[in-house]
Amino acid sequence: MEADEDKSFQGVAENLGEVLSMTVTATVKLREIAEESGSDPVGAVLRAVGDVSGYHPAHKFLLVGPYVRPSMTKGGIYKVDSVVDEDRYQNKVGLVLVMGPGCFVDDEFHKYWGFSVKVGDWVRYRGSDTDEVFFVDENGRDGAPCRDVQDMLIKARVDDPSRLY
């Protein structure tokens, strides 16, 4: 009986280690995005996430990369990782990276009244309406957090992501 309990505990400890490791590596990617966001927010997201050509969302889902506020305030204060990491959880604006084939197409259940977005647009959504996914980079370790969101849960197209929080 004790051997089974030890194995069970070991499995829990390994899973916890993986979760903690992903949290640390997500912070690494968020820091990369934040350091470039002031000058090139689109490029910062695209470089952090990397190649998404093999990701094909289902019917009405979009994949968005998070907008992360710049790592330095306008007053010259450098933000600590916990503040940068908060953009992962409180995120409300993202860059559309990939769209499913049925996005923003009227059907018998949903009417969009001409509203649509395209890859490369900034959009606003409620973070709790999304699923977080990670794109692991070429070193196989650092993961850039992204979000899957249904098209009907997109609240707005945004010209300047830095104006919202």
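Me: What should I know about the model before we start?

Reply: It's a predicted model, so local features need pLDDT of at least 70 and side-chain atom pairs count only at pLDDT 80 or more, while totals for chains, interfaces and linings use all residues. Residues are numbered from 1 along each chain as its sequence is written, and side-chain values use heavy atoms, with hydrogens and water left out.

Me: Which residues touch the most other members in the largest nonpolar core?

Reply: Val45, Val49, Val52, Leu63, Leu97 and Trp122, out of 19 residues. A nonpolar core here is a set of buried Ala, Val, Leu, Ile, Met, Phe, Trp, Tyr and Cys residues joined through side-chain atoms within 4.5 Å; buried is under 20% relative accessible area, exposed over 50%, partly exposed in between, with a 1.4 Å probe and protein chains only.

Me: And which elements give two or more residues to this core?

Reply: Helices H1 (2-37) and H2 (41-49), plus strands E2 (93-99) and E5 (143-150). Those are DSSP runs numbered from the N terminus: helices are H or I with at least four residues, strands E with at least two.

Me: What does Leu63 touch?

Reply: Leaving out residues up to four places away in sequence, its contacts include Val52, Tyr55, Leu97, Phe135 and Cys146. Contact means heavy atoms within 4.5 Å.

Me: OK, strands. Why is E5 largely enclosed by the rest of the structure?

Reply: Because seven of its eight residues are buried. E1 (residues 61-66) runs antiparallel to E5 with four bridges, and Phe61 has Gln150 as its bridge partner there. E4 (residues 131-136) is also antiparallel to E5, through six bridges, with Phe134 opposite Pro145. Strands pair if DSSP finds at least two bridges between them.

Me: Switching topic: what's the volume of the largest pocket?

Reply: About 270 Å³. Twelve residues line this pocket, and Tyr67, Arg69, Pro70, Lys74 and Ser162 are the closest to its centre. On a 1 Å grid over the protein atoms alone, a pocket is an open set with protein on both sides within 12 Å along at least five of seven lines, a cavity is a set of points where a 1.4 Å probe fits but cannot get out, and lining residues have an atom within 4 Å of a point.

Me: How many cavities of 30 Å³ or more are there?

Reply: One. The largest cavity holds about 80 Å³ of space, and its lining includes Tyr67, Arg69, Asp87 and Tyr165.

Technical notes:
Points joined across faces, edges and corners; volume = space filled by probe spheres on them.
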